[in-house]
Amino acid sequence: MTPIRIRIGRGGRGRLSARILVSQLAILALTGVIGFGLFAFAQRSALDRTYEERAVAIARTTAADPQVRSAMQESASGHVVRPGVVQAVAERIRQSSGASYVVVIDLHGIRHSHPMPQLVGSPVAEPVVARDGQPHVGTDQGATGRSANGRVPLYGPTGELVGEVSVGIPEHDVLGELWHELPTFAVYAAIATALGAAAAYLLARRLKRTTFGLELEEIAGLLQDREAMLHGIREGVLAFAPDGRISVVNDEARRLLGVGTALGSTLDEVLPDGRLRRALDGTLTGTDISVLTDEHCLVVNRMPVTLHGRALGAVVTVRDRTELVGLLRELDSVRGLTDALRAQQHEFTNRMHTLAGLLDIGAYDDAYDLAVESAGAGQALTEFVRGRIGNPLMVGLVVAKTTVAAERGVWVELADDSALGADPPQLHRLLTVVGNLLDNAIDAAGDGPPPADGRAVRLTLTEDERGTTVRVADTGPGIPPGARESIFEDGWSTRPDRGTARRGLGLALVHRLVSRHGGTITVSEGPGAVFTVRLPDPVTAGGVNALHAGSVGGDRG
């Protein structure tokens, strides 16, 4: 079967890959800016901590100076201190360290040093925090401007707490260090953004290949069209991925196949082994594959799907032919009746011509004998069948099949030991079985050169308290060796279709019908096939599917 080749058109407002790329680049740029800002903020915090620790180190150096300790100890004891000693040491340390200020404070909050000499001797606004003996850090907005501040306790030579040392490092030093490092960070951010842009470009190309170049609007339109089509048609549709899993199944397919949701499952998981599964998975090849289920007569077609030479799976369509097969069966029944009437008319016309000829030549006695014989011939056959079959429907079926067979040169014989009551069990199923088996036997016996004893079909119908037995034997070529099981599969036939009647369903229908109702069917191999069907008394009530109401057509040949 020719695979389906998909052709994709281009359209839409802007290519999908370009739109995705632009969106991703915008996202990358935004996240890069946000990340850069967060990183700068984190680096600023880290630099603040570094400079605060540096301020603490300078303060500890000042607090460890012997001159400062002695002077502050004497001041705390009330002794007179030589003025300018603490200020000189503090200023020397401040200038050598680059600090904004180095302030020595006693326990009363009085400054003993300050870069602004006029503030020496004045109290500070904040309390002395080093009384707990621990260093303290923070940001100070002092007289010299905003600074990173560190405070440590100041002890005299005797180990007595006499004050604290507060050191500040100018804020512009911190900002200068930050601005010095930011260009390096900006380079890293630019490299990361470039790598992200390259990844976004590759992703956009991959998405383009995955979506076959379709734009967003086209994808949305295809989805809407697909849903409308799948759930609006009266054919079952299934789609299979390359790995054999069901990717699409519409409502009609679920109804006809009885598979439920089935999405993501394989056929092995949702259907038992049989002709239906083999038709769906491609094991059976060809077009319009006929499959019988318990409720439907289906026609299955499977077509592989490719795009640019790449296999995408397969699409399977399933059509319900149940009603059509029922109509064809009725049509075949009418044709059979028409053929029987035509055969009777032909035979009657021949007899009338013969009778007219006898009268023309004056052979009145012979004409009388021929008329009497013609009047009783058909009646004799009907009475013979009625004597062994009590049901009028079965009598009519056997007589009609006998008449049609006679026109084809086949003699249908009802066995003398046949015995069927007026109301046999499972009558409609029995009519289906007998009609199909007789059709097959007549077709088989009518083909090929006639045997020495003539073309014949022998029908035996018997009934007992346990059920009904049907046996049909013919003089045809029989069942090929090794085909005893396969002849009951849907579509098996050695003969071409006849008119509107599709062959390959009759024996499959009989086998399915008999098996569903607890019966058995056997067949002999070799020349002259013999089919034997045993239908038990029904043990459960229930109707018969429309397919089971009549003959479908011959399968052998």
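Analyst: The account below begins with the chain, turns to the open sheet and its core, and ends with other parts for context.

The model is a predicted one. Its protein chain contains 13 helices and 15 strands. Of the 557 residues, 41% count as buried. Among the contacts with a separation of 6 or more, 62% are between residues 24 or more positions apart.

The part in question is an open sheet of five strands, arranged in the order β11-β12-β13-β15-β14 with mixed pairing. β11 and β14 are the edge strands, each of which pairs on one side only. On average, neighbouring strands of this sheet are turned by 15° against each other, direction ignored. In general, the strands of a sheet pair through backbone hydrogen bonds, and the pairing may be parallel or antiparallel. Both senses can be followed here. β11 and β12 (residues 456-464) run parallel and are joined by four bridges. β13 and β15, by contrast, run antiparallel and are joined by seven bridges. Individual residues mark these pairings: Val 457 in β12 is the bridge partner of Val 412, and Ala 473 stands opposite Val 530 in β15.

In the loop between β11 and α12 lies Gln 426. Most residues other than glycine have a negative phi. Gln 426, although not a glycine, has a positive phi of about 55°. With a relative accessibility of 9%, Gln 426 counts as buried.

The core follows from these elements. In soluble globular proteins, nonpolar side chains tend to be buried together. The largest nonpolar core of the model has 39 residues, and those with the most contacts inside it are Ile 389, Met 394, Val 434, Val 457, Leu 459, Val 470 and Phe 531. At least two residues of this core come from each of α11 (392-407), β11, α12 (427-446), β12, β13 (467-474), α13 (506-516), β14 (520-523) and β15 (530-536). The largest share, 10 residues, is supplied by α12. Leu 459 illustrates how the elements meet. Leaving aside neighbours within four places in sequence, Leu 459 is in contact with Val 398, Glu 413, Leu 414, Ala 415, Ser 418, Val 434, Leu 438, Val 470, Arg 471 and Val 472. Apart from this core lies another, of 23 residues, among them Val 68, Ala 99, Val 104 and Leu 154.

Two packed helices are described by the angle and the distance between their axes. For helix α2 (residues 66-77) and helix α3 (residues 85-97), the axes come within 9 Å and cross at roughly 150°. At this angle, α2 is roughly antiparallel to α3. The crossing of α2 past α3 is left-handed. Gln 67, Val 68, Ala 71 and Met 72 of α2 make the contact with Val 85, Val 86 and Val 89 of α3.

β6 pairs in the antiparallel sense with strand β10 (residues 310-320) over five bridges, and with strand β7 (residues 246-249) over three bridges. Ala 239 stands opposite Val 315 in β10 and opposite Val 248 in β7. β6 and β7 form a hairpin with five residues between them, and Gly 244 in the turn has a positive phi of about 90°.

A positive phi is also found at Asp 288, near 50°, in a residue other than glycine. Asp 288 lies in the loop between α8 (275-280) and β8 (289-292). Asp 288 is partly exposed, with a relative accessible area of 28%, whereas Gln 426 counts as buried.

Notes. Residues are numbered from 1 along each chain as its sequence is written. This is a predicted model: local features need pLDDT of at least 70, side-chain atom pairs count only at pLDDT 80 or more; totals for chains, interfaces and linings use all residues. Side-chain values use heavy atoms; hydrogens and water are left out. Two strands pair if DSSP finds at least two bridges between them. A nonpolar core is a set of buried Ala, Val, Leu, Ile, Met, Phe, Trp, Tyr and Cys residues joined through side-chain atoms within 4.5 Å. Buried means under 20% relative accessible area, exposed over 50%, partly exposed in between (1.4 Å probe, protein chains only). Contact means heavy atoms within 4.5 Å. Axes are lines fitted to C-alpha atoms, for helices over the stretch in contact, and angles run from 0 to 180 degrees between N-to-C directions. Angles under 35 degrees count as roughly parallel, over 145 as roughly antiparallel, 65 to 115 as roughly perpendicular and the rest as oblique. A crossing is left-handed if the near helix is turned anticlockwise from the far one by less than a right angle, and right-handed if clockwise.
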